[in-house]
Amino acid sequence: MKLATLKNGSRDGRLVVVSKDLTCYCAADNIAPTLQAALDDWANIAPKLQALSLDVENQAAPCERFHEHDARSPLPRSYQWADGSAYINHVELVRKARGAEVPESFYSDPLMYQGGSDSFLAPRDPIPLGDVSWGCDMEGEVAVITDDVPMGVSEEAAADHIKLIMLVNDVSLRGLIPGELAKGFGFFQSKPSSAFSPVCVTPDELGEAWQDNVIFLPLMVDYNGEAFGRANAGVDATFSLAKLVSHAAKTRPLAAGAIIGSGTVSNQDESGGPGKPCNEGGLGYSCIAEIRMIETINHGAPKTSFMKQGDTVRIEMRDAENHSIFGAIEQEVVGV
């Protein structure tokens with residue numbers, strides 16, 4: 001089942017069921033007005049949405065053309081947005097760029113921060129940037145949406161609370177991060193609004209690609225129209241998405257509609273090194289900070305600049321038949 005939230009002039013949009021090929025949709029607001037309302041009563045609402053999804057596929061329901069630019073993020077705002085660190089290769093590279101070592105505990109105890117969840121960007125909204133010196137970076141990730149998760153849930157049990165999956169561009173302002181972290185209270189100004197894919201899907205939509213609570217498919221990140229990252233989201237994942245949900249719920253329950261992110265998808269190369277750019281035959285990177293670190297290692301200084309006004313990013317994932325699963329996040333950086 002694929003769900004989306006269309007713009008309708010309200011804060012929380014209008015819930016729709018989208019066809020598997022992303023070409024059409026059927027309004028679902030007679031079942032639940034918003035995705036959050038559906039998640040609040042998921043056990044009762046999900047079967048009704050699933051039945052409508054089958055009607056959409058069988059052309060037994062009235063449908064309209066689905067345009068991704070009409071979609072908001074599936075949850076335009078959320079009670080919880082917490083981003084983890086499933087890919088330690090990314091953590092190692094970014095921390096090295098700051099001159100910091102990775103503590104041994106990071107390999108067994110996930111890193112996680114709580115992001116702002118009151119103002120998500122739509123998947124085609126521009127990325128507002130007040131100052132180029134802030135070091136604007138994209139971060140291509142996978143995220144899950146849960147139902148109500150009890151405090152202290154195990155990793156195994158947490159898997160059953162993952163109800164929907166989507167992609168995210170977790171925008172970071174690299175120039176502001178070191179100063180904020182030095183204060184000892186973590187990210188705030190350095191983590192502006194994130195954007196999520198036009199569509200979220202139930203795990204069964206991923207078929208065999210959904211294994212051990214990660215997606216074994218490449219995350220396609222294009223930067224200014226060129227291939228920038230093709231890292232496989234199921235490879236080199238130190239932690240599963242269920243582990244991250246369990247980690248988030250260690251000391252408190254998670255309310256229905258909580259979003260938990262994977263952290264930047266990142267692969268090593270075949271030799272165990274940090275990876276090569278796509279234009280050199282590698283899998284590339286899902287954020288600019290990683291390639292800047294590689295450039296520093298290889299050349300003594302970074303060559304790739306962070307994003308500036310006019311730069312564009314596209315984030316998408318395709319199945320084995322090359323069909324888009326979640327639609328695409330397409331954003332341009334604009335000045336404010």
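Helices here are DSSP runs of H or I, at least four residues long, numbered from the N terminus. Helix α2 is followed by Gln 59, whose phi is positive, near 55°. The model is a predicted one.

Start with α2 itself. The helix runs over residues 42-57, which makes 16 residues. At 1.5 Å a residue it should span 22 Å, and its end C-alpha atoms lie 21 Å apart, so the two values agree.

Now look at which side of α2 faces inward. Its buried residues are Trp 42, Ile 45, Ala 46, Leu 49, Leu 52, Ser 53 and Val 56. Seen down the axis, the buried residues of α2 fall within an arc of 125°, so they line one face of the helix. The spacing has a simple background. An α-helix has 3.6 residues a turn, so residues three or four places apart point the same way. What covers the buried residues of α2? The cover includes strands β1 (2-6), β2 (14-18), β3 (24-27) and β11 (162-169), along with helix α1 (35-40).

Turn next to the aromatic rings. The structure holds five aromatic pairs. One of them joins Trp 81 and Phe 196: the ring centres are 5.4 Å apart and the planes stand at 80°. Planes over 60 degrees apart count as edge-to-face, so this pair is edge-to-face. Trp 81 lies in strand β6 (residues 81-83), and Phe 196 lies in strand β13 (residues 195-196). The pair therefore ties together parts that are 115 residues apart in sequence. Trp 81 is buried, at 1% relative accessible area. Phe 196 is buried too, at 0%. Ring pairs also bring in Phe 120, linking it with Trp 81 and Phe 196 into a cluster.

A further pair is formed by Tyr 113 and Phe 187. It is edge-to-face, with 5.1 Å centre to centre and 80° between the planes. Tyr 113 sits in strand β7 (residues 113-114), while Phe 187 is in the loop between α5 (177-182) and β13, so the pair ties together parts 74 residues apart in sequence. Tyr 113 is buried, with a relative accessible area of 14%. Phe 187 is partly exposed, at 26%.

The charged end of Lys 191 sits over its ring, 5.3 Å from the centre. Lys 191 is placed in the loop between α5 and β13. Is this lysine buried or exposed? At 11% relative accessibility, Lys 191 counts as buried. Its side chain makes a polar contact with the side chain of Ser 172, at 2.5 Å. Leaving aside residues up to four places away in sequence, Lys 191 touches Tyr 113, Glu 139, Asp 170, Val 171 and Ser 172.

Conventions:
Residues numbered from 1 in each chain as written. Predicted model: local features only at pLDDT ≥ 70, side-chain atom pairs only at ≥ 80, totals over all residues. Heavy atoms only, no water. Phe/Tyr/Trp six-rings, centres within 6.5 Å; stacked < 30°, edge-to-face > 60°. Helix = DSSP H or I, 4+ residues; strand = E, 2+ residues; numbered from the N terminus. Buried < 20%, exposed > 50% of the residue type's maximum accessible area, 1.4 Å probe, protein only. Lys NZ or Arg CZ within 6 Å of the ring centre and 35° of its normal. Polar contact = N/O pair within 3.5 Å; in protein donor to acceptor, adjacent residues only side chain to side chain. Contact = heavy atoms within 4.5 Å. Expected span 1.5 Å × (residues − 1). Arc of directions from axis to C-beta.
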